[in-house]
Each structure stands twice: as C-alpha cells, then as structure tokens.
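Open your viewer and keep the sequence panel beside it. This tour tells you what to select at each stop and what you will find there.

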Amino acid sequence: MLRKILASLLAVLTLAACGGTETSTAMSGAPAAAEPAGPARIVSISTVATEMLFAIGADDKVVAVDSLSTFPVEAPVTDLSGFEPNVEAILGFRPDLVVLSYDPGDVVAGLEAAGVASLLQGASMTIADTYIQILALGEITAHAAEAAALVDAMQAEMSDLAASVTERDEPLSYYHELDDTLYTVTSATFIGEVYAMAGLVNAADPADADGSSWGYPQLSAEYLLDADPDIIFLADTKCCAQTAAAIAERPGWETLTAVSTGRIVELDDDVASRWGPRIVDFLRAIVDAVNSVE
Amino acid sequence: MTSRSLRSPASRGWLSGPVGPGRSRLGVRWLAVGVASVLVAAVVGVVTGPVSIPVWHVVLELVDRLPLVDVDSSLSVAERAIVWDLRAPRVVLGLLVGALLAGSGAAYQGVFRNPLADPYLLGIAAGAGLGATIAIVARLQDAIGFIDPVPLAAFAGALLAVAAAGTLSVRRGKTGSPATLILAGVAVANFFTAIQTFIQQQNSETLQQVFAWILGRLSTAGWGEVRLLVPYAAICMAGLLLSVGSLDVLAVGDEEATTLGLRPRTIRRLVLMTASLGAAAAVAVSGLIGFVGLVVPHAVRMVAGSSHRRVIPLSLLFGAAFLALADVVARTVRSPAELPIGVITAFIGAPFFLLILRRQSTA
C-alpha cells in the first residue's frame, strides 16, 4: 500500500512536471499508516491544507489544526502555530501524518526523526498548483476519488464563472491590496491568475516586472493615483481593518475613480489569500464586482 | 574637546563665544551648506517620483498653494493630489524625522561621550515597537475610528522605555553614571522586545502589519502625520539648540563643569529627555529608521569639528537633507515599487559605521 501511495503521488508530481507547472508538494518519511484506510491521525498546521482536507472528506481523520485554521468552523483548532511550528507540541497529538505549508525550523526533519510522515505543501504559484495539492492530499489520505471530484467541480465552476463575465471593449484594471502600506500582488501570483480569469488587468504589474519581489511588491502611492484602477479589491479588511470608507480618507485617494464611483470591494482576507477550495468563492466575488460595472 | 570649545555657560548662542574669527566663518559656511542641502533635498523630493510630472508645473502648483496667490499649474486632479497630498507631506516628514534622529543622535553621543550612542540606545525602538504591536494586536483602530492610534501608542511606548531606563538607573535618589544608564537602557530594551515577541507570537496573524510598521511608514504618510510630529519637533529642536553650550562644557568633564557652576547630571537628564522626546515622536510616525542618528553626527564632526555649537545644528540640517534624499531613492530605485527606507539608510549607514569603527580603533 505504501508503495502504491508513493507511486501515485509520484505520478501526480510527474504529471505536474510534464505540464510545465512547478509544484510545491514535498513528501517526507513513510506514511506510518500504510494501510488502505490511509493515515488515521492527521495534524494540519496549514490553513489551506485544513480547508482542503475537509473539502475532500478527510475531516474525520484530522485530530488537530493550527491556531489560524479557522475554516471550516468544525476544524479542531488548537494552539499549534503554523508560523513557528513546535515539533514536540505537534507530536503531542500522536499524528501519523503532518501537513504543513512552511518549514522554518526543520520541522520536517524533526518529525522524520520521530518516525512521523509529513507533507509540505508550500504556497501555490498557480491555480493548477492548487489542484495538484488537492490531488496529492487525496492520494495520501486515501480520499483520491473525492479529491478528483472536488478538482473537477472546482474547475467546472471556475470556467462557468469566467464565461459569465460581461464582454467589454476595454478590459477593466484592478488593484488588490494586501495591507495598508500598499503591498499588493502582480499577475504572476495565483491571486493574479484568478483576477485574469475575470478578464481584469493588474495595475501593479510594472512594480515587479522582473519578478524579484516574487509577485508581491509594495506599490508606490503616487503610481497608484496615476494608474487610477477601475476597481479596488481590499484583502486587508481583517488584518488591517481597512474599509471602503477608510481608504477614501487616505491622502489624495479621493481623486481615484474607483473611490468616487464606489467600486471598492471588501474581500475576506482569508478567501482572497488561501489557495484552497475557496478560490471559487474568490473568483465569484470578483466576477460579481466586474459584472456590476456598467 | 579642545580648549577652544570650553566656554562659560552664559554664552549659549551656537556661533557666539570665544571662537576665533576663522572658525566662526567655517561655521557659517557649513551652516549655509546645510541650509542649501535641505532646500535641494526638498525640491528634489517634490519633483521626483514614479509618476513623471514636469518640474515647472510642480513649481507652479506649489506657488498656487501660497496664500493670496492664484496661478494655473495645468496639472490634472490626480497630479495635484500626487504633488500636494503625497509628495509634499512625505518630503516634510522626511526632513523632520531626519533632523530629529540626527539631532538626537548627536545629543546622545555628547551626553554619553560615546561615539556609538544613537537615539535608540535607551530603548526607544523597543518601546515604540511594543506600543505599536499592542495597538495593532488590540485592534485599537477599530475602537478609535477617527484617529490612527498606532503612532500614539508607539510614542507612549518609546517614552515609557526611556523613563523606565532613567528610573532604574537611579539608586538611593542619586542619578547613576552614564554607564549605569546605558546598561539600564539595554535591559529595558531587551525586556520590552521580549514582551513584544511574546505578544506577536500569540497573535501571529498580525505579524505582517507589525513588520510593515517597523520597516517604516514614510511611504504612506500624509499631512496628518506631519501635524502629529510638528509640535514635538519644535520643542526638541529648540531644546537641543539651547543645550549646545552646556554640552560643550560637559565634554570637558564633570568636574570642570561643576567648577563652572553647572550641574552635569541635571543637564544630562534634560538633554536626554529632550532628545528622547524628539526621537520617540519621529519613530512613532515613521517606524524604525536606523543609522541616521549615528552616521550624520559623525559625518558632521569630521568636516566641522566636534563643538556641539556646530554638531547639533548641522546634524539637524544634514540629517533632514539626508533622510529626505534617502526617501527619494526609496521611491524611485524600484519604481513603481517602494523599498523600505530603513534599507536605504542602513545600506549607506552600515559601511560608514564600520569606517568610523576603524578610525576609532586606529586613533
């Protein structure tokens, strides 16, 4: 069984490699529960993996999730930190699989030393990478069929939403705000890819033309005023308490078309930043905003 | 530190006193250079940015803002906002913050007679960081809608840290030596940083915002921040300029100062309080900007001598020009992306700092 899991995982990864997509999935250690049922005690210290595990029906195996895994509400939230994972605290939940998105302090190595398998799934760079991560989670947790069904459903919904976008001669431009010091995304991120599906053009692309900021530059305020994007999406409503009213108060922002016409969309930070199953909700919010523009 | 800088405490004017005519001219010349560099930095700062706006139109726009003057700058609404609401306050804030950090740094170095002292020595950075973190974590923005509480909390934290260091260094009602004060400052800074780290760890979802604050906020500053800073800047600058004579006497030694009728410990406290007030206010609106308080006073000493009559006013001027120009680099070098200004000042400041260290060790 173990061999089968690894073989199918390898197949998924190879598929990704052939598709030219850089994948961010890395498996470490032999899954202890090398039984047909898959691992029986999963600890997720990745908010995105938590959402994926629940969406593919592996929720009954999940015994603990990190403090920020607040979705879905049924997730067994603990004090575990995803930013500074503590191997000992994780082992306290007696997991046979640990899923993480970030390994700052050799957590994977620590778990391996303790004989616990781990799956490291870093941040997606593309929507395709999200699907690959879901499929890989499905393989490892013995929920491959549900994972495949989820990916099919997501892909269908995403293309339906993209098809429902109103046609227009000139594409609309947008600015996606990550925090109130104007950190933003370019088209090179999976977030940018979701916007592109709604036919939007990113006003911040010149801020990281060479990709040296990994698609997450801090935009100059005056450049933004000059670029005057058609729609402003706020993905900092939770982190930084930003609202349409608050940004209208910023110096000079009253001159922005999006502010004077009220085309400011307050997003849920989590939906707009997690590369999990809810990217469909993210795209829906964008498409609704785009279609409401005359 | 030479006999020339020794003078009676009565002569407080920064160019007055028994300075030879040649030295005085040197002082006036550097003063003129300092004022000119501030003006150049201000003009460069207002006309430079990611969005290219013709210089002449920018000038007309600024002239139009003068009272009783009405000219047509032929700028679009967005361009006017860029010049007046974004660039102008950013330049003014850069000048004020640079002046405060460099002036405070010069005062700290004078008081402690230690070339490596900087305005953050007594825990201002740690205190401001803790204050800002608490304000961000406690979501005070939601509670107080009309004003941004983060700078105020940072200001309070910074002053609290310095006050704590000052209080802890007092033993049996007697103020301790400068070394005791520095050690108390180090202890307080570490303690505050520990609390900040603990709070951050408990609230990791706010990490991004805390770091964004620490890296400096000149990029999103407006006239609101300028208005917050101006009163403290005025008090601090006036206080520092008034203290130059006393600082020069202290430079000779406590005993000499006492025989001249000065009270060294009282003066030290007053100067430190003034400098800390300014540095705390600067940090509160701009985040932590390193090296300005260290590099600028040393550069000034190299060219204009070590008398505080020169070092303090020239540090204020050159610190202002330096930071305003560093901010121009911050917003143009990766345009239209921003670089944190602390990166620029450290990039220039760190090698300079090493240069000073080498000079110190060979001297």
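## Stop 1: a β-α-β unit in chain A

Select β4(A), helix α4 (residues 107–113) of chain A and β5(A): together they make a right-handed β-α-β unit. Right-handed means that, with the strands pointing away from you, the path from the first strand over the helix to the second runs clockwise. Helices (H or I, at least four residues) and strands (E, at least two) are DSSP runs, numbered from the N terminus.

A word on the model before you go on. This is a predicted model, in which local features need pLDDT of at least 70, side-chain atom pairs count only at pLDDT 80 or more, and totals for chains, interfaces and linings use all residues. Residues are numbered from 1 along each chain as its sequence is written, while chains are lettered from A and ligands numbered from 1 in the order in which they are written.

Now stay with strand β4 (residues 97–100) of chain A. Are its faces covered or open? Both are covered: Leu97(A) and Val99(A) are buried on one side, Val98(A) and Leu100(A) on the other. Buried means that 20 or more other C-beta atoms lie within 10 Å of the residue's own; exposed means 12 or fewer, and partly exposed is in between, with C-beta atoms placed from the backbone. In a regular strand the side chains alternate between the two faces of the sheet.

Two strands pair if DSSP finds at least two bridges between them.

- Strand β2 (residues 42–44) of chain A pairs with β4(A) in the parallel sense, over three bridges. Here Ser44(A) has Val99(A) as its bridge partner.
- Strand β5 (residues 117–121) of chain A also pairs with β4(A) in the parallel sense, over four bridges. Val99(A) stands opposite Leu119(A) in this strand.

## Stop 2: a four-stranded sheet

Select β6, β7, β8 and β9 of chain A. They form an open sheet with parallel pairing, in the order β7-β6-β8-β9. Which strands are at the edges? They are β7 (201–202) and β9 (264–266) of chain A, each pairing on one side only.

Zoom in on strand β8 (residues 231–234) of chain A, which pairs with β9(A) over three bridges in the parallel sense. Find Ile232(A): it stands opposite Ile264(A).

Zoom out to the whole of chain A. It has eleven helices and nine strands. Of its 294 residues, 51% count as buried.

The mean for chain A is 88, and 89% of its residues reach 70 or more. Residues 1–8 of chain A have a pLDDT below 50. Residues 10–23 of chain A stay under 50 as well.

## Stop 3: where the chains touch

Show both chains. How many residues of chain B are in contact with chain A? There are 32, and they touch 28 residues of chain A. In contact means that the C-beta atoms of two residues, placed from the backbone, lie within 7 Å.

Helix α3(B) gives the most to this side of chain B, with eight residues. By type, the side divides into 13 nonpolar, eleven polar and eight charged residues. Ala, Val, Leu, Ile, Met, Phe, Trp, Tyr, Cys and Pro count as nonpolar, Asp, Glu, Lys and Arg as charged, and the others, Gly among them, as polar.

## Stop 4: inside chain B

Chain B has 15 helices and two strands. Buried residues make up 52% of its 363 residues.

Select Leu100(B), Ile124(B) and Ala280(B). They are among the residues with the most contacts inside the largest nonpolar core, which has 193 residues. Such a core is a set of buried Ala, Val, Leu, Ile, Met, Phe, Trp, Tyr and Cys residues joined through C-beta atoms within 7 Å. Helix α3 (residues 77–112) of chain B gives the largest share, 21 residues. Click on Ala280(B): its contacts include Ile124(B), Phe155(B) and Ala158(B).

Now select helix α10 (residues 244–252) of chain B. Why is it largely enclosed by the rest of the structure? Seven of its nine residues are buried. Among them are Val244(B), Leu247(B) and Leu250(B). The buried residues of α10(B) pack against helices including α3, α9 (223–242) and α12 (264–286) of chain B. Gly253(B) follows the helix, with a positive phi near 145 degrees.

Finish at Val343(B), in helix α15 (residues 341–362) of chain B. Val343(B) counts as partly exposed because it has 17 C-beta neighbours inside 10 Å.

Note on methods:
pLDDT is the predictor's confidence in each residue, from 0 to 100. Lists of a residue's contacts leave out its neighbours within four places in sequence.
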